[in-house]
Amino acid sequence: MIRINAPQIGKEEIEAVTKVLESGILTTGLGKGPYVTKFEKSFADFVQAKYSIAVNSGTAALHAALMAVGVKNGDEVLLPSFTFTATAETVILCSARPVFVDIDPETYCMDVSQIEKYVNERTKAIIPVDLYGFPADLQPLREIADKHGIAIVEDAAQAHGALYKGKPVGFYADVACWSFYASKNMTTGEGGMVTTNNEEIADKVQSIRTHGEKEKYMSVRLGHNYRMPEIEAAIGLVQLKKLPKFLEKRRKNAKILTEKLEGIKGLKLPFETEEKKHSWYLYTVRLENVTRNKRDQIVRELKENNIEAAVYYHTPIHTMPFYRKFCNYKLPETEKASEQVLSLPIHPGVSLDQISYIAEKFISLI
Ligand SMILES: Cc1ncc(COP(=O)(O)O)c(C=O)c1O
């Protein structure tokens, strides 16, 4: 099976893990062990941020970041519904209300032109999601956020390597959140990172990740155990070094797949612009004239042919059983996209022969 995404692990990661195990230091009380500290510094350099705080998942990163910008009971947070559940879940974990905004059907990211109709005195933050690894409209969002005094907590969980106006995504946000889940462009198994240029936010996230402590057994705020273990950080350091190569291969696979699929009527392909460079986490196409059933049938048939196509996301969050109560209006573009998109494998383990096979099979099925 050509998997939709697969961790790229070599002997370097295995050696790094062994070293940590032999060192006897698996974690530290305040979450600042030697590997974690080194990984934080390297990741901050990679995304050109001043501060970087390692945590144990992308979900933890979002929760800690939202807490750090002060999201609390009674607040509202604007976010897309066309994203992974964690984006909305962490808002509710802060006892705030998620307010879902429709997407731009071209980019699948939040439609900036719709944001201001939802802004009111309770609006505390916006969470743009760089969906599939394609940057959201980050500068216009910054302007809206500044006009209304709202924080931007960017969900960059899928966007390692994505650029917006020549800068790594996260640059226009108050704080950006990354995931190192096993499927991501780089992985630590589970893991996450918070990056920011704001010292106060960085300080708060640091203490939130370890029970609100600044020093041991002296909590100054509500926190959690969001510490990243040393083994994960050691894997992360190796993966970060390999990331440029991973990104290059993803980009190459995407380019060739696009060349093979271009020009088919009713098939919309992912793209880049001068200003927005993809991380190519997911190569997502859209079948513009098909029903949900037909799309699902194509996905099933691809799987029967050993191609693990997948749908991100077949159920928008605002229509999920738990989340329905937070949204009493429709999001037409989100709902339509959820019926028509599907993603094809382009991860670094996919060979050029496999890309040809994927294109051929896909064309024969649509
Ligand atoms: C858009 C988005 N947000 C948040 C997360 C949560 O990250 P994690 O799985 O590391 O908790 C993920 C990844 O799974 C994601 O894709």
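1. A residue is near a molecule or strand if its C-beta atom, placed from the backbone, lies within 6 Å of it. By that rule, 14 residues surround the ligand, and the closest are Ser-57, Gly-58, Thr-59, Ala-157 and Ser-179. Helices here are DSSP runs (H or I, at least four residues), as are strands (E, at least two), numbered from the N terminus. The shell holds five nonpolar, eight polar and one charged residue. In these classes Ala, Val, Leu, Ile, Met, Phe, Trp, Tyr, Cys and Pro are nonpolar, Asp, Glu, Lys and Arg are charged, and the others, Gly among them, are polar.

2. Basis. The model is predicted: local features need pLDDT of at least 70, side-chain atom pairs count only at pLDDT 80 or more, and totals for chains, interfaces and linings use all residues. Residues are numbered from 1 along each chain as its sequence is written.

3. α3 and α4. The axes of α3 and α4 come within 9 Å and cross at roughly 40°. That makes α3 oblique to α4. Axes are lines fitted to C-alpha atoms, for helices over the stretch in contact, and angles run from 0 to 180 degrees between N-to-C directions. Angles under 35 degrees count as roughly parallel, over 145 as roughly antiparallel, 65 to 115 as roughly perpendicular, and the rest as oblique. The crossing of α3 with α4 is right-handed. Right-handed means that the near helix is turned clockwise from the far one by less than a right angle; anticlockwise is left-handed.

4. Residues at that crossing. From α3 come Gly-58, Thr-59, Leu-62, His-63 and Leu-66; they meet Ala-86, Thr-87, Thr-90, Val-91 and Leu-93 in α4. Contact requires C-beta atoms, placed from the backbone, within 7 Å. The residues divide into five nonpolar, five polar and no charged. Gly-58 and Thr-59 are also among the closest to the ligand.

5. Domains. The chain is divided into domain 1 (11-238) and domain 2 (244-365). These bounds come from an automatic or database domain assignment. The C-alpha centres of the two domains lie 25 Å apart. Their contact takes 27 residues from domain 1 and 25 residues from domain 2. On the domain 1 side, β3 (97-101) and β6 (163-164) each supply at least two residues. β3 gives the most, with three residues. That side has 15 nonpolar, eight polar and four charged residues.

6. α1 and α7. Helix α1 (residues 11-23) and helix α7 (residues 230-261) have axes that come within 9 Å and cross at roughly 150°. So α1 is roughly antiparallel to α7. The crossing is right-handed. Among the contact residues are Glu-12, Glu-13 and Lys-19 in α1, and Glu-230 in α7. By class, this contact has eight nonpolar, no polar and four charged residues.

7. α8 and α10. Helix α8 (residues 292-304) packs on helix α10 (residues 352-365) at about 140°, with axes 10 Å apart. That makes α8 oblique to α10. Ile-298, Glu-301 and Leu-302 in α8 meet Lys-361, Phe-362 and Leu-365 in α10. The contact has four nonpolar, no polar and two charged residues.

8. Backbone points to check. Which peptide bond is cis? The bond from Tyr-312 to Tyr-313, with omega near 10°. Tyr-313 sits in the loop between α8 and α9 (332-340). Ser-95, a residue other than glycine, has a positive phi, near 65°. Ser-95 lies in the loop between α4 and β3.

Note on methods
Contact = placed C-beta atoms within 7 Å.
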